[in-house]
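Let's walk through this one together, a piece at a time. Have the viewer open as you read.

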Amino acid sequence: MCGADIPCDDRFATWCTACDWNVDPGGEEPARSRFEATQRRLAHRYGEQLHAELLAGPDAASAKGDRSGALARAVALAVHGVTATLAVGGVLLMVLGRNSILQCALGIILLVTAVVLRPRFHRLPDTAQVLLRADAPRLYELVDDVASAVGTRGVDIVVVDGDCNAFVTTYGIKGRRALHIGLGLWEALDPQERVALLGHELGHYANGDLRHGFFIGTALSSLNHWLYFLTPAHSLHRHRTIPEIATDALMAVPRWGVYGIALLLEGLTLRSSQRSEYLADRAAARVASTAAAAALMDRLLIGDAIRSALRTESVRAQTRIGGAAPRAAADGLWERIARRAATVSEREYERRRRVSALRGHSVDSTHPPTHLRRHLIEAGEPAEAAVVVGPEAAAAIAAEMAAVRATIARHVIRDLAG
Ligand SMILES: [Zn+2]
């Protein structure tokens with residue numbers, strides 16, 4: 001400690017702005033796997049490189065992308081080629097080896113493997129809470145306005161859940177667009193920050209992103225299936241039998257091969273997806289204003305605090321601490337979350353910004369570091385809001401979302417404690 005005065009607020013960590021004493025009492029969460037650790041490291045490295053390039057020239061950072069894009073497509077083609085070979089080989093074995101049980105059985109195994117690994121169109125989860133255009137015309141109107149401001153079309157469907165994030169996907173054979181809104185994030189934002197969030201998400205459609213394209217996206221998920229198959233389920237047990245040790249050793253070779261290819265594709269596409277994140281942030285600033293886009297970055301920094309607040313609410317209701325019944329706990333849940341987010345002090349935001357810079361916080365293992373995103377937003381041409389949500393529109397949208405908000409609050413209280 002350096003002796004500077006430290007104000008104390010028991011809702012937040014106590015730390016020193018002068019010397020950074022106790023700025024990060026929690027420490028970084030460890031990666032869940034070696035793959036994720038490598039992904040994080042690459043994401044940080046590319047995030048820093050692109051930040052520097054985009055800072056130097058707003059249109060830079062594109063040339064290198066083309067070569068790795070072509071290479072990524074070639075790797076994806078090879079992955080899909082393996083799947084196709086398995087399918088064709090399986091059928092041939094079954095047809096030509098009609099009289100041999102062994103060949104038939106092998107053919108079936110190959111075919112089943114190919115079916116599991118096949119490229120699949122994204123499907124909406126059955127449990128999703130969906131808001132159709134007819135249910136929420138004002139929300140869709142806002143999405144349309146933001147979409148046209150960033151130079152793309154709106155979405156076909158809005159999916160709402162209780163998570164602390166938001167994202168866009170395309171699904172089905174026609175490539176329909178879905179916007180996923182996590183209320184844990186949405187409810188923590190003010191109306192203009194929500195415009196920034198929509199600007200960022202719709203900006204992804206406008207920029208194009210290799211990883212989310214069908215061809216490469218499905219190759220990445222095929223590789224993940226391979227890794228799943230090739231990873232022994234019993235590797236955590238201490239006593240392995242001799243046959244188990246032998247099969248593990250046999251599987252290790254293809255596993256490392258697949259791992260290497262997955263890592264290669266990851267590396268080739270990560271740069272382009274990081275670039276698309278920065279460009280999406282730029283779209284957010286253009287449509288919602290620089291101030292709102294920067295404020296959105298701050299809100300992302302309190303995501304873990306909101307997540308743990310939701311979990312605490314759930315645990316308290318399930319264990320009936322303080323006599324809270326689950327149904328009563330769901331009432332006003334989002335209002336409490338919003339209040340909580342609104343009362344985070346500037347000092348706490350500053351602490352989180354510094355932690356973010358120290359650890360390289362990012363919303364997940366593939367996003368560029370949040371502090372660099374914020375810095376790039378503030379370094380750009382200051383932008384006024386192109387789309388403004390007035391109090392009347394904000395209230396109308398909240399009314400349209402009231403029913404899903406209540407349903408999801410009950411789900412959060414019911415499920416999060418488990
Ligand atoms: Zn994004």
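Start with H200: its relative accessible area is 4%, so H200 counts as buried (buried is under 20% relative accessible area, exposed over 50%, partly exposed in between, using a 1.4 Å probe and protein chains only). H204 is buried as well, at 12% relative accessibility. Before going on, note that this is a predicted model, where local features need pLDDT of at least 70 and side-chain atom pairs pLDDT 80 or more, while totals for chains, interfaces and linings use all residues. Residues are numbered from 1 along each chain as its sequence is written, and side-chain values use heavy atoms, with hydrogens and water left out.

Both histidines sit in helix 6 (residues 191-207), 4 residues apart, or about one turn of the helix. Helices (H or I, at least four residues) and strands (E, at least two) are DSSP runs, numbered from the N terminus. So what holds the zinc ion? It is coordinated by H200 (NE2), H204 (NE2) and E277 (OE), at 2.1 Å. Donors here are N, O and S atoms within 2.8 Å of the metal (3.2 Å for Na, K and Ca), and with water not among the atoms, sites may look incomplete. Along the sequence, the donor residues are spaced H-x3-H-x72-E.

Now to the strands. Strand 4 (residues 176-182) has 6 of its 7 residues buried. Strand 2 (residues 157-161) pairs with strand 4 in the parallel sense over 5 bridges, while strand 3 (residues 166-171) pairs with strand 4 in the antiparallel sense over 6 bridges; pairing takes at least two DSSP bridges between two strands.
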